[in-house]
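Let's work through a few packing exercises together. Keep the structure open beside you and try each task before you read its solution.

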Amino acid sequence: MAERFYGPLRGRLEAGQPVILDGAIGTEILRRDVTWADHQNLSRPEVILALHADYVHAGADVLSTNTFQLSKRSLLSHFCDEAHMQRVGRPGLIDRPEASLRAAVALAVEARARAAGNRPVAIAGAITTLEWCFRPDLAPDDNAAMTEYVELIGILADAGCDLVLVETVNSVGEAVVAARAARQVGLPSWIAFVPDEEGRLFTGETMAQAAAALAAERPDAILLNCAPPLDCLVGLRELAPQSPVATGVYPHVGRFDPPEWMFTDEYPPAGYVVEAQRWRDLGATVLGGCCGTTPEHIAALARTFRPS
Ligand SMILES: [Zn+2]
């Protein structure tokens, strides 16, 4: 099943042809005047379904699921420990992450069935670092991370994802564990790092180090995301010459305003495409958008870059 949708896209990646990833999920839910708290996969499924369908109509080849930071660990971070959650939390709360993960994948699959026609559109299960994505100092040790990633990616695979998109990764170590876990589960992986203004990871590690460490784990693509377009450009200059696999870029547009987002008009769709041409010139094949981008941004990318 997975090959039917993802196989043609992998072929395009290998041929250096553009593959269009979708745009923001979390901030796009906010822009539609719905809170992103609890992800809304179970409570407002129609909002998530419509958003995915909009990205399919915009021309996205890959839909990312509404599952960023949706995990048992994230839920438990609200409590002292699991026993505390059992005592004070809603009954059955521990089952909510898996139920929401499965519902999220089902919504993306449904949107594809309704909107994609015969076009191959792949579903990427979107996950991130196990702790907060901008804080590499909080990362769990490799053994704990491996166990959690295998469980998480296993659920996404079982629910119907064609690949896993591990995004906003802040350290080489966690990227390698996540890619290895995907290989163990048997799901293709794309690994996306968040670059700083010098094109390094928040740990100070370089893109050359990241690319070298990932070579043995064979993700299908190494990407950069959730940083301003110019930071991603700087990062891509470092990454592209070193990467053993396809590269790609999906920056954010606007400013982080925790826990929500400040939308700005610095990069309207036409200006975003001008930036994307610079990524293409450096060899990027995967083009999409992170926080603050919209179906209009993705439509502009698809019109400009996707082979018809
Ligand atoms: Zn983002």
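Predicted model: local features only at pLDDT ≥ 70, side-chain atom pairs only at ≥ 80, totals over all residues.

**Exercise 1.** Work out the handedness of the crossing of helix 3 and helix 12, and which residues make the contact.

*Solution.* Residues are numbered from 1 along each chain as its sequence is written.

Next, the contact residues: D54, Y55 and A58 come from helix 3, while P295, I298, A299 and A302 come from helix 12 (C-beta atoms, placed from the backbone, within 7 Å). By class, six of the residues in this contact are nonpolar, none is polar and one is charged (nonpolar: Ala, Val, Leu, Ile, Met, Phe, Trp, Tyr, Cys and Pro; charged: Asp, Glu, Lys and Arg; polar: the others, Gly among them).

**Exercise 2.** Describe how helix 6 and helix 7 pack, starting from their axes.

*Solution.* Start with the geometry: the two axes come within 9 Å and cross at roughly 40 degrees (axes are lines fitted to C-alpha atoms, for helices over the stretch in contact, with angles from 0 to 180 degrees between N-to-C directions). Helix 6 and helix 7 are therefore oblique to each other (roughly parallel is under 35 degrees, roughly antiparallel over 145, roughly perpendicular 65 to 115, and oblique the rest). Their crossing is right-handed.

Now find the residues: E98, L101, R102, V105 and A106 of helix 6 meet I155, L156 and A159 of helix 7. That contact has six nonpolar, no polar and two charged residues.

**Exercise 3.** Is helix 8 mostly covered or mostly uncovered, and what does its buried side pack against?

*Solution.* First, the extent: helix 8 (residues 172-185) has 14 residues (helices are DSSP runs of H or I, at least four residues, and strands runs of E, at least two, numbered from the N terminus). Among the buried residues are E174 and R180. Finally, the partners of the buried residues are helix 7, strand 4, strand 5 and helix 9. Just after helix 8, G186 takes a positive phi of about 95 degrees.

Technical notes:
Left-handed = near helix turned anticlockwise from the far one by under 90°. Contact = placed C-beta atoms within 7 Å. Expected span 1.5 Å × (residues − 1). Buried ≥ 20, exposed ≤ 12 C-beta atoms within 10 Å, placed from the backbone.
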